Amino acid sequence: MNAGAEPSAAIGGALGRTLGAVEAALRAAVGILVVMIVILVGAQVVFRYVFKTPIVWSEEFTTLCYQWVSFLGAALAVRYRAHFGVDFVARHLERWSTWLIWVGHLVVTLIALFMIIYGIRIVESSWAQMYPTLGFSVGTGYMILPIAGVLFILMDLAVMLDRRAGAAK
């Protein structure tokens, strides 16, 4: 499915609207983070080389933004099934295609649960550690793991509902 399509519209109902709103918020968050990264890195270059006064917190904040944009973007990739897949296997095992689709959903769910469970543990263990220039917890960066795990499940649910709606037509 291409990135311009609106798959959530096919779902319908309150759940469909909710998942569509989550997807829209996810797209907006990714866009905002990318813009922030571009502006901050550009400003850092100008301040460092033109004004000879670097923005001391920019590197840590940019790294934090990269962490978040990577995992939020991965959740969008789950929604559009844009992750790397074993296409060769699916093409040559057409009679197993329904089964392989469900295996794919299972894999996404297991990865998401791993991210949620171990992400919470990492956040808890790193919460007391502080970023030297930002003044807040390193756990903030790791909070994206359980959040993205939940988003993976929600976006995968949207894919399942889209497939169900497509099969009903």
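Arg27 is partly exposed, at 30% relative accessibility (buried means under 20% relative accessible area, exposed over 50%, partly exposed in between, with a 1.4 Å probe and protein chains only). The model is predicted: local features need pLDDT of at least 70, side-chain atom pairs count only at pLDDT 80 or more, and totals for chains, interfaces and linings use all residues. Residues are numbered from 1 along each chain as its sequence is written, and side-chain values use heavy atoms, leaving out hydrogens and water.

Arg27 forms a salt bridge with Glu23, with 3.8 Å between the closest N and O atoms (a side-chain nitrogen of Lys or Arg within 4 Å of a carboxyl oxygen of Asp or Glu). The two residues are four apart in helix α1, about one helical turn. Helices here are DSSP runs of H or I with at least four residues, numbered from the N terminus.

## The salt-bridge network

Glu23 is buried, with a relative accessible area of 2%. Glu23 also meets Arg79 in a salt bridge, at 3.2 Å from N to O. Because Glu23 lies in helix α1 and Arg79 in helix α2, this pair ties together parts 56 residues apart in sequence.

Arg79 forms a salt bridge with Asp162 as well, the closest N and O atoms being 2.6 Å apart. Asp162 is in helix α6 and Arg79 in helix α2, 83 residues apart. Both Asp162 and Arg79 are buried. Through shared partners, Glu23, Arg27, Arg79 and Asp162 join into one network. The structure holds four salt bridges.

## Nonpolar core

The largest nonpolar core has 25 residues (buried Ala, Val, Leu, Ile, Met, Phe, Trp, Tyr and Cys residues joined through side-chain atoms within 4.5 Å). Leu26, Leu33, Trp68, Leu72 and Phe152 touch the most other members. Helices α1 (13-49), α2 (58-79), α4 (97-126) and α6 (144-168) each give two or more residues to this core; α2 supplies the largest share, nine residues.

Leaving aside residues up to four places away in sequence, Leu72 touches Leu26, Ala29, Val30, Leu33, Ile144 and Leu151 (contact means heavy atoms within 4.5 Å).

## Helix α1

Helix α1 has 37 residues and spans 54 Å from its first C-alpha to its last, close to the 54 Å expected at 1.5 Å a residue (1.5 Å times one less than the number of residues). Its buried residues include Gly16, Leu19, Leu26 and Gln44.

## Confidence

The protein averages a pLDDT of 86, and 86% of the residues score at least 70 (pLDDT is the predictor's confidence in each residue, from 0 to 100). Residues 1-5 have pLDDT below 50. Where pLDDT is low, the predicted coordinates should not be read in detail.
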